[in-house]
Amino acid sequence: MRSAQRRAALVTGGAGFIGGHLVERLVADGWQVRVLDDFSTGRESNLERVADRIDLLRGDVRDTRTVARAVEGVEVVFHQAAIASVPRSVADPIGTHAVNTLGTLQVLEAARDAGVRRVVYAASCAIYGDGSELPKRETLPPRPLSPYALQKHAGELTCRLYARLHGLETVALRYFNVYGPRQDPNGDYAAVIPRFITACLAGAAPRVYGDGEQTRDFVAVRDVVAANLLAAEAEKASGCVCNVASGRETSLNELLALVREHTGATAAARYDPPREGDVRRSVACLDHAQESLGYAPRVALREGLVDTIASFAAAARGSFS
Ligand SMILES: NC(=O)c1ccc[n+]([C@@H]2O[C@H](COP(=O)([O-])OP(=O)(O)OC[C@H]3O[C@@H](n4cnc5c(N)ncnc54)[C@H](O)[C@@H]3O)[C@@H](O)[C@H]2O)c1
């Protein structure tokens with residue numbers, strides 16, 4: 001796969017929401033891209049714009065031979081594959097552990113064997129749990145509140161261990177609440193931005209759990225992709241764990257007001273009881289990401305929402321986003 005001119009990357013979970021955007025950007029930047037995905041939540045439509053320019057491997061990150069094949073000739077691995085669901089991890093801690101924790105170990109071990117230069121790992125702000133300290137800094141003690149958060153933290157620690165023990169360069173990125181075109185709006189635990197947009201476009205009542213004054217740090221998928229590219233290159237970043245976020249705190253009521261403004265929706269919101277385990281406030285400190293990776297968010301929430309709403313509206317009309 002390696003050629004003199006083109007650099008080779010593997011994106012695990014490349015058919016997913018974030019992975020698909022990352023693959024498109026890597027292809028646009030001239031990388032030779034291989035995707036490993038089992039399509040459990042990933043979709044072919046996430047890759048349709050680049051389908052003829054990538055090497056697509058259908059397979060499972062739990063499978064040693066498949067992963068060994070996937071990393072062959074690769075310089076950088078972007079490890080996005082996971083069962084990215086808190087409730088699923090509560091319902092099936094062993095099955096999700098196999099994918100999220102052991103799958104990550106498989107990827108690191110195969111990368112080490114194959115002489116991959118760097119692995120960039122998709123970690124999560126779920127690791128912070130419900131600690132009251134704000135903003136969230138990477139030095140805070142982890143407080144996982146779900147098997148998912150624990151598994152993501154284990155993946156992060158394993159990345160760091162491989163950097164120290166084996167000299168495999170690794171960078172873990174703690175994504176906060178990522179949003180953007182093509183994010184799945186379906187299911188009870190779908191992310192809030194696609195849920196609000198879909199409801200508002202359909203003229204239905206957006207559903208809010210709790211009083212809507214809980215806050216989140218919403219980061220555009222474009223910024224997450226940019227952080228991954230920086231993490232692939234940044235010198236002296238190996239072994240680092242960095243927040244990837246907007247650094248802005250937004251309440252769900254503020255978010256809903258923006259979505260209404262840009263969709264012209266008028267239906268009143270429906271306020272349901274708060275969900276157990278939901279964090280009250282969340283916002284990231286980005287100092288470490290800035291120092292270690294040179295990362296700074298570029299997409300303001302208003303701008304990112306306009307793009308996302310346009311893509312959802314286009315999809316609802318049956319055209320491409
Ligand atoms: N979306 C967010 O806000 C967010 C926040 C924090 C962290 N993350 C992390 O970012 C990564 C991508 O998340 P996403 O939102 O794009 O989710 P997603 O579900 O759209 O993507 C995950 C991808 O992994 C694939 N996958 C799952 N199990 C697999 C297996 N055993 N073998 C191969 N492929 C497998 C899925 O088919 C899917 O394409 C995940 O690691 C997730 O934990 C996401």
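A crossing of two helices is left-handed if the near helix is turned anticlockwise from the far one by less than a right angle, and right-handed if clockwise. The views below come from a predicted model, in which local features need pLDDT of at least 70, side-chain atom pairs count only at pLDDT 80 or more, and totals for chains, interfaces and linings use all residues. Residues are numbered from 1 along each chain as its sequence is written.

**View A. Helix α1 meets helix α7.** Here α1 (residues 17-28) passes α7 (residues 221-233) in a right-handed crossing. Helices (H or I, at least four residues) and strands (E, at least two) are DSSP runs, numbered from the N terminus. The two axes, lines fitted to C-alpha atoms over the stretch in contact, come within 9 Å and cross at roughly 60°; angles run from 0 to 180 degrees between N-to-C directions.

**View B. The open sheet.** Seven strands line up as β3-β2-β1-β4-β5-β6-β11, with parallel pairing; two strands pair if DSSP finds at least two bridges between them. β3 (54-58) and β11 stand at the edges with a single partner strand each, so one side of each has no neighbour in the sheet. From one strand to the next, the twist averages 20°.

**View C. Strand β11 inside the structure.** Five of the five residues of β11 (residues 240-244) are buried, so the strand is largely enclosed by the rest of the structure. Buried means that 20 or more other C-beta atoms, placed from the backbone, lie within 10 Å of the residue's own. C240, C242 and V244 lie on one side, V241 and N243 on the other. Y175 stands opposite V244.

Conventions. Buried ≥ 20, exposed ≤ 12 C-beta atoms within 10 Å, placed from the backbone.
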